[in-house]
Amino acid sequence: DEYKPLYFEGKESRIYMVMAEGEPVFHHMGTNEGYFTLNMRCDGDMIYSQLVFEDYTLTTEKEIEINNDGDKEISLEILFKASADGELKVIHEGYTVQITKLKTGESILIDSDLNRILSDLIGQPNKYDDITGDIDKLNIQRGKQKYKFIGKGILKLAYQKKYKY
């Protein structure tokens, strides 16, 4: 009852999100061979890329270019583990999102699609009081996009491109 990834041999870089409709129909050849047919429903009019993961170590600042060669704007997930008390700034196309009051060893997850920020600190599941800027402005537009990250820690980025059928 949920969409699952489907891809075909030789085209593993293109993923369809599908759900089975109805029951499979089995066809037997009588020689210990056969096949089945099954109708699949896609979640929309898009094909997805494999998930892209990028890892960086921030000592002060790092500029990163992401090429969205897909057909739509996509979301960016940022996982940051602070190596010192301080803050993380993300600057994208002149717009700044800043998260303050980070503690050494604290991990935060920023999801631009769901517009949320989560912390792993006990008693502080979210950091909404410590953020300046709109997280959804971090979405990756089509084409080459530049991001600047300022802070100290381990930075992990994740995104998935979307293509038209």
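A salt bridge here is a side-chain nitrogen of Lys or Arg within 4 Å of a carboxyl oxygen of Asp or Glu. The views below show a predicted model.

**View 1. A salt bridge joins Lys156 and Asp55.** The side chains of this pair meet at 3.7 Å, N to O, which falls within the 4 Å cut-off. Lys156 belongs to strand S14 (residues 153–159) and Asp55 to strand S5 (residues 52–58), so the contact ties together parts that are 101 residues apart in sequence. Asp55 is exposed, with a relative accessible area of 54%, whereas Lys156 is partly exposed, at 35%. The structure holds eight salt bridges, and the pair of Lys156 and Asp55 is one of them.

**View 2. Lys4 and Glu2 form a salt bridge.** The N to O distance between the side chains of Lys4 and Glu2 is 3.2 Å. Lys4 has a relative accessible area of 45% and is therefore partly exposed.

**View 3. Glu106 and Lys127 meet in a salt bridge.** The distance from N to O is 3.4 Å. Glu106 sits in the loop between strand S9 (95–102) and S10, and Lys127 in the loop between S11 and strand S12 (131–132); the pair links distant parts of the chain, 21 residues apart. Both Glu106 and Lys127 are buried. Through salt bridges that share partners, Lys101, Glu106, Lys127 and Asp130 are joined into one network.

**View 4. Five strands make up an open sheet.** The strand order is S6-S13-S8-S9-S12, and the pairing is antiparallel. The edges are taken by strand S6 (61–68) and S12; each has a single partner strand, so one side of each is left without a neighbour in the sheet. Ile99 stands opposite Ile131 of S12.

**View 5. Acidic side chains gather in a patch of negative charge on the surface.** The members of the patch are Glu73, Glu77, Asp113, Asp134 and Asp136. Asp113 lies in the loop that runs between strand S10 (107–111) and strand S11 (116–119). Its relative accessibility is 54%, and Asp113 therefore counts as exposed, the cut-off for that class being over 50%.

Key. Residues are numbered from 1 along each chain as its sequence is written. This is a predicted model: local features need pLDDT of at least 70, side-chain atom pairs count only at pLDDT 80 or more; totals for chains, interfaces and linings use all residues. Side-chain values use heavy atoms; hydrogens and water are left out. Patches are made of residues with over 30% relative accessible area and no salt bridge: like charges are joined within 9 Å, nonpolar side chains (Val, Leu, Ile, Met, Phe, Trp, Tyr) within 5 Å. Accessible areas come from the Shrake-Rupley method with a 1.4 Å probe; for residues, only the protein chains shown count as cover. Lys and Arg count as positive and Asp and Glu as negative; His and the chain ends are not counted. The place of a charge is taken as NZ of Lys, CZ of Arg, CG of Asp or CD of Glu. Helices (H or I, at least four residues) and strands (E, at least two) are DSSP runs, numbered from the N terminus. Buried means under 20% relative accessible area, exposed over 50%, partly exposed in between (1.4 Å probe, protein chains only). Two strands pair if DSSP finds at least two bridges between them.
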